[in-house]
Amino acid sequence: MISLKEIYDALNRRFDIISLNKRAEYAEHASVSSITVMETVNVDQWVKGGELILTSSSTFPKSHEDLTSLIETLKQKHATCLAIKVIEEDRPSQDELEALTENLEFPILWIPHSVTYLEIMNYVNSMLFNIKEYNDFRERAAYNIIFNNGTIDSLIVDSFKSYDVDITNLDCLVANFNFKADSEDNRINVHFDAFFKTVQLMCSDLINTSKIAEYLFVRQLNSFIIIFLGNREQLQELKLKHYSIEALDQYKENLNVLSVGLSNIEYIKFMPQLLDQAQFTLSFTNHDVEGGYIEAYENVEFYHMIYKGIGSDMDTFLMSTLHTVRKGSILYDTLLMYFRCNENLQETSKQLYIHINTLNYRLKRVQNVTGLNLNVTQNKVKLYLAVIAEYNQ
């Protein structure tokens, strides 16, 4: 998978292929995962998504109505781009094709008559193979460093040096992207996969613009971890929250199932600790405020220090603090939402779909069960820490 912009730039340099409607030059978030040939316009039966489709002017629809219908089908099937090669005996001019395609919200490329499909397919497939190999290496390297508790194998060091990256001198920042999966709704998994690819393209763009030096990743069932590598100044200037929101823009309807935890910035050998920070930070994301699904460890570090200080006495702490107000109970869910809404009664009752009197009754029940008064700061902090610890159990 490579961004369409990157493939277009390479094809433009190598074969003088041009963009007819100027969509490919700005397609940073569109990705190509395969290349194929369209011999008929019945694409709905075989397009899977992510294709760069090659076709000829003899197959390409001549009327604006037929072309619009084809493009709508390609968009619905999540194809990425259509490239047209002009056949000599059926030679519409470049101007004619530009006029036909200029208002279409879909990238259309022009292939010179002298360039063969085979040349383009070999070139693009080589690019796709190389990036797949490199991404596989990125994931293996991440697992290796984590498994070895921050120690970097010399083979990994040498491999990165072959890409002009000295990984041993880099700092890192960890971002944990977590989807709350619903086993009955497969759309979340589909959006998760698409969003992962979008974030990978974002990372490639950050490398190409020298905002980071490199990145690694670990992918799991409904979460993935991105490890941004660079010098401390690069990572401090990296507006990761901005980039994450930009990448999420096309998935707005799924923000309620996504949480992002960001670690501090430390030397790469501390990667395991940074993974722990990003994981802990997920507990503090708040979907009830704008941008609240992304949280940084620096904002919750104090709580983590206390949380770790409790250590092996965690079970005793939870039992003595929460008693029967445990995860899965109505009182626990109410208390968790109460803290997530910054103790705002109106907002909490709204999020729980209950009357404010019902909320007050439940909070009074929490105080009766735990023996802790929510109006006393010391008790409130203790309950808050217990709720977070229970959440992470």
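Reader: Which residues form one aromatic cluster?

Author: In this predicted model, the cluster consists of F177, F195, F196, Y215, F217 and F224.

Reader: How many aromatic pairs does the count come to?

Author: Two rings pair if their centres lie within 6.5 Å. By this rule the count is 14 aromatic pairs. One of them joins F15 and Y123, with 5.5 Å from centre to centre and 80° between the planes. Planes over 60 degrees apart count as edge-to-face, and therefore the pair of F15 and Y123 is assigned to that class.

Reader: Which parts of the chain does this pair link?

Author: The pair links distant parts: F15 belongs to helix 1 (residues 4-15) and Y123 to helix 4 (residues 117-147), 108 residues apart.

Reader: Is F15 buried or exposed? And what is the relative accessible area of Y123?

Author: Buried means under 20% relative accessible area. F15 counts as buried because its relative accessibility is 8%. Y123, with a relative accessible area of 28%, is partly exposed.

Reader: What geometry does the pair of F280 and F284 have?

Author: The rings of F280 and F284 are tilted, with 50° between the planes and 5.3 Å from centre to centre. F280 is buried, at 4% relative accessibility, and F284 is buried as well, at 10%.

Reader: Rings may also be read together with charged side chains. Which residue lies over the face of Y117, and which over that of Y134?

Author: The reading rests on the distance to the ring centre and the angle to the ring normal. K85 lies over the face of Y117, 5.8 Å from the ring centre. R138 takes such a place over Y134, at 4.1 Å from the ring centre.

Reader: Let us turn to the nonpolar cores. Which residues touch the most other members of the largest core?

Author: A core is a set of buried nonpolar residues joined through side-chain atoms. The largest one here has 30 residues, and L335 and F339 touch the most other members. At least two residues each come from helix 10 (301-310), helix 11 (314-322), helix 12 (330-340), helix 14 (356-370) and helix 15 (377-392). Helix 15 supplies the largest share, seven residues.

Reader: What is F339 in contact with, leaving aside its neighbours within four places in sequence?

Author: F339 is then in contact with L374, K380, L383, Y384 and V387.

How values were computed: Residues numbered from 1 in each chain as written. Predicted model: local features only at pLDDT ≥ 70, side-chain atom pairs only at ≥ 80, totals over all residues. Heavy atoms only, no water. Phe/Tyr/Trp six-rings, centres within 6.5 Å; stacked < 30°, edge-to-face > 60°. Helix = DSSP H or I, 4+ residues; strand = E, 2+ residues; numbered from the N terminus. Buried < 20%, exposed > 50% of the residue type's maximum accessible area, 1.4 Å probe, protein only. Lys NZ or Arg CZ within 6 Å of the ring centre and 35° of its normal. Core = buried A, V, L, I, M, F, W, Y, C linked by side-chain atoms within 4.5 Å. Contact = heavy atoms within 4.5 Å.
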